[in-house]
Structure formats: C-alpha cells, structure tokens
Amino acid sequence: MQMRPIRAIGLAGLLAVIGLSAGGCASSEYAPIDEKNGNYYGYADALNLDGSHRIRVMLPSAPENADNARAYFHRRAEEICSGPPLRKTIHTAVRPGVAYDMFGNMISGDYLLEGLVYCNAPAAAEAAPAEPAATAQPEA
C-alpha cells in the first residue's frame, strides 16, 4: 500500500514532536556540568592561584532560570566554603538572546553567570608585607 504524501509528512511531524518532547528538553537541575554524560547545564568551578574559586552556572533559556542561576551560584559558594563565604563577586551575567540563522531558524541562547568566591582572605593579601615602623623625625 502506498502512503499519501500528506499523511507521510503528518506522521513524520508527529514522530518529531514526540521525539522532542521525550528527550529534547534541557534539564536545569542543580548538578555539575558533565559534557561526557550529556549534562550541558548546571555549575562548574575551579580553584584559582590566589585561593579564590571561579564558579560558572549555565542554564537553558526559561523565565524561571534567571533566578535559578543566582541561586545555584550562591548555593555552590556555600558548599565550597562549608558555610557563608568571606566574599562573592558575580562578574558576568548574560541573559539569553535570540538570533536567526541564514535559513530563518530561531536560535535561543542560555543563561550564563560567572563569578569569584573567596572563602578566606586572598593569598596575595595574606602574603603582603607588614607596614614599616614609623621612624622618628629629627628635630631642628
């Protein structure tokens, strides 16, 4: 039996929608980013030479993820420092934008938040030399 072209396109479209709804959604659970296992969203951190930690949060474009990105940053900072950190600085916060490719397809971006966390005083400040002792001025 030969399928009509319209019915074949309808069936293909239905299968595509089912495939996207089953596995095409990006998870935004609080978890480390692990590209090897297909988890492209969550948090990543690294220790810097001055003793601070760089925390990066990447979440998919969704209205609730604007607040989730900050919450993930603060939660990870407290986990790294085993309590409230001495200082937190968010230096990059990018909201998703929308772009179009050359074929007119819409491409949405992701939420990106990145910053530094200091659990203790920075190593450079701890190693700073003590101020020199005041010298007596000769009297004239």
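## A left-handed link

With -80° about the S-S bond, Cys81 and Cys119 are joined by a left-handed link. The two residues form a disulfide, with their sulfur atoms 1.9 Å apart. The pair links distant parts of the chain: Cys81 is in helix H2 (residues 65–81), while Cys119 is in the loop between strand S6 (111–118) and helix H3 (123–126), 38 residues apart. A search of the whole structure finds one disulfide, and please keep in mind as you look around that this is a predicted model.

How covered are the two cysteines? Cys81 has a relative accessible area of 15%, so it is buried, because buried means under 20%. Cys119 has a relative accessibility of 21% and therefore counts as partly exposed.

## The overall plan

Let's step back to the whole chain. There are three helices and six strands. Starting at the N terminus, the elements run α-β-β-α-β-β-β-β-α. Of the 140 residues of the chain, 22% count as buried.

## A closer look at helix H2

Helix H2, where Cys81 is found, has 17 residues. From its first C-alpha to its last it reaches 24 Å, close to the 24 Å expected at 1.5 Å a residue.

Which residues of H2 are buried? They are Asn65, Ala69, Tyr72, Phe73, Arg76, Ala77, Ile80 and Cys81. Seen down the axis of H2, the buried residues fall within an arc of 150°, so they line one face of the helix.

Beyond H2 comes a residue to look for: Ser82, in the loop between H2 and strand S3 (87–94). Ser82 has a positive phi of about 55°, although it is not a glycine. With a relative accessible area of 73%, Ser82 is exposed.

Arg75 and Glu79 form a salt bridge (3.6 Å, N to O). Both lie in H2, four residues apart, which is about one turn of the helix. Glu79 also meets Arg76 in a salt bridge (2.9 Å, N to O). Because Glu79 and Arg76 are three residues apart in H2, they are separated by about one helical turn.

Arg76, in contrast, is buried, with a relative accessible area of 16%. Together with Asp45, the residues Arg75, Arg76 and Glu79 are linked in a network of salt bridges.

The structure has five salt bridges, and one of them joins the side chains of Glu114 and Arg56 (3.6 Å, N to O). This pair links distant parts of the chain: Glu114 is in strand S6 and Arg56 is in strand S2 (residues 53–59), 58 residues apart.

Is Glu114 buried or exposed? At 14% relative accessibility, Glu114 counts as buried.

## A nonpolar patch on the surface

Finally, have a look at the surface. Val98, Tyr100 and Met106 form a nonpolar patch there, with about 370 Å² of accessible area together. Val98 lies in strand S4 (residues 98–100). At 52% relative accessibility, Val98 counts as exposed, because exposed means over 50%.

Methods. Residues numbered from 1 in each chain as written. Predicted model: local features only at pLDDT ≥ 70, side-chain atom pairs only at ≥ 80, totals over all residues. Heavy atoms only, no water. Patch = residues over 30% accessible without salt bridge, like charges linked within 9 Å, V, L, I, M, F, W, Y side chains within 5 Å. Areas by Shrake-Rupley, 256 points an atom, 1.4 Å probe, with all protein chains shown as cover. Salt bridge = Lys/Arg side-chain N within 4 Å of Asp/Glu carboxyl O. Helix = DSSP H or I, 4+ residues; strand = E, 2+ residues; numbered from the N terminus. Buried < 20%, exposed > 50% of the residue type's maximum accessible area, 1.4 Å probe, protein only. Disulfide = S-S within 2.5 Å. Expected span 1.5 Å × (residues − 1). Arc of directions from axis to C-beta.
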